[in-house]
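Here are my notes on the model, point by point. Please read them with the structure open.

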Amino acid sequence: MVRENMEDVKERIRVACGRAGRPQSDVTLIAVSKTKPLEFVREAYEAGARDFGENKVQDLLDRIDALPSDIRWHMIGHLQRNKVKYIIGKVAMIHSVDSLRLAEEISRESVKHQVDTDILIEVNVAGEESKFGVSVEEAPRLAEEISRMPAVHVRGLMTIAPFVENAEENRQYFRKLKQLSVDIERKNIDNVNMTALSMGMTGDYSVAIEEGATCVRVGTGIFGERGPWH
C-alpha cells in the first residue's frame, strides 16, 4: 500500500509542478511518519523516500536509531527548548522555529556540538489561535535577529495552513507565505536565505506547489489514516 501511495503522491507532485512550470526536482517530498509502525516507514524508504518528518522528539530519536543512516530527518512539530539538545546534529532541518528564545537555544547547542543547523521560521499565516508560529508582520524581524546568531542558518519559511475540505481555500495563505519570503529575500540579510518554503500537506500540497512550495509534508497520503497502533 505504501509503495502505491508514494507513486501516486509523486505523480501528483509532477502534475502540480507541470501546471506551475516548475521542474519536479524543485520539490522535496517529506514523508510524515508520525504514529506509524516502523515497517510502514521502511516500506516508504524502500519506495525511494529519503526525507522523513517527525512531530515529536522522542519518536524522531527512536526512528533515527532503527532506520538507515542516509535518511534526512526533519523536525516539523512544535519544539520545546529543553528538547533541542537531543536533536542537534541529527536532523537535516528544523521547520518549526517560532521564537527568538528557541533559536537562541538551537544556536547554543549547535555551537556546543560544533555543527551548523538549518532552520525555517514557522509563520502562522492564517492567524489561527490553535497554531504555533509568528505573525507575518513579526517574521522579518525574527529573521534579522536570528541572522546574528552563530551556527544557525535561516533557510526559509514554514506554515501549517488551516484544515479545510477544499484546498483552494488555502491558496491565499500559501501565496501570502511566498510573498513574505520574497519580501525577506529583498532585505539581503546576511546568513538568511529564502530557498525553502515548507507548506502543503496531504489535503492541499498540489495547491501549495502551484504557489511555490519547495517542501511538502505528506503523512496520510503516503501511510493512510491513523490506525489502531496509535
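1. Take the contacts in the protein chain between residues at least 6 apart in sequence. Of these, 61% join residues at least 24 apart. Keep in mind throughout that this is a predicted model.

2. Secondary structure and overall form. The protein chain contains nine helices and eight strands. Its radius of gyration is 17 Å, close to the 17 Å that the globule rule gives for 230 residues, so the chain is as compact as a globular protein of that length. Along the principal axes, the C-alpha atoms fill a box of roughly 45 × 40 × 35 Å.

3. Burial and surface. Of the 230 residues in the protein chain, 51% are buried. The accessible surface of the chain is about 11,200 Å². Carbon and sulfur atoms account for 46% of that surface.

4. Charge. The protein chain carries 32 positive and 37 negative side chains. The centres of the two sets lie 2 Å apart.

5. Helix α3. Which residues of α3 are buried? In this helix, residues 57-66, they are V57, L60, L61 and R63. Note that R63 is on that list. The cover over these buried residues includes two helices, α2 (38-46) and α4 (84-87). It also includes two strands, β2 (51-54) and β3 (72-75).

6. E105. Is this glutamate buried or exposed? E105 has a relative accessible area of 15%; the cut-off for buried is under 20%, so E105 counts as buried. The residue sits in helix α5, which spans residues 100-113. Its side chain makes a polar contact with the side chain of R108, at 2.5 Å. Not counting residues up to four places away in sequence, E105 touches R81 and V84.

7. E225. This glutamate lies in the segment after α9 (220-223). The relative accessible area of E225 is 62%; exposed means over 50%, so E225 counts as exposed. Leaving aside neighbours within four places in sequence, E225 is in contact with K36 and T220.

8. E225 and E145. How far apart are E225 and E145 in space, C-alpha to C-alpha? The distance is 40 Å. In sequence, E225 and E145 are 80 residues apart.

9. Two glutamates side by side. E105 is buried, whereas E225 is exposed. E105 belongs to helix α5, while E225 lies in the segment after α9. Please view both residues in the model with their contacts displayed: R81 and V84 for E105, K36 and T220 for E225.

Notes
Residues are numbered from 1 along each chain as its sequence is written. This is a predicted model: local features need pLDDT of at least 70, side-chain atom pairs count only at pLDDT 80 or more; totals for chains, interfaces and linings use all residues. Side-chain values use heavy atoms; hydrogens and water are left out. Helices (H or I, at least four residues) and strands (E, at least two) are DSSP runs, numbered from the N terminus. Buried means under 20% relative accessible area, exposed over 50%, partly exposed in between (1.4 Å probe, protein chains only). A polar contact is a pair of N or O atoms within 3.5 Å; within protein, one must be able to donate a hydrogen and the other to accept it, and residues adjacent in sequence count only if both atoms are side-chain atoms. Contact means heavy atoms within 4.5 Å. The radius of gyration is taken over C-alpha atoms; the globule rule is 2.2 Å times the number of residues to the power 0.38. Accessible areas come from the Shrake-Rupley method with a 1.4 Å probe; for residues, only the protein chains shown count as cover. Lys and Arg count as positive and Asp and Glu as negative; His and the chain ends are not counted. The place of a charge is taken as NZ of Lys, CZ of Arg, CG of Asp or CD of Glu.
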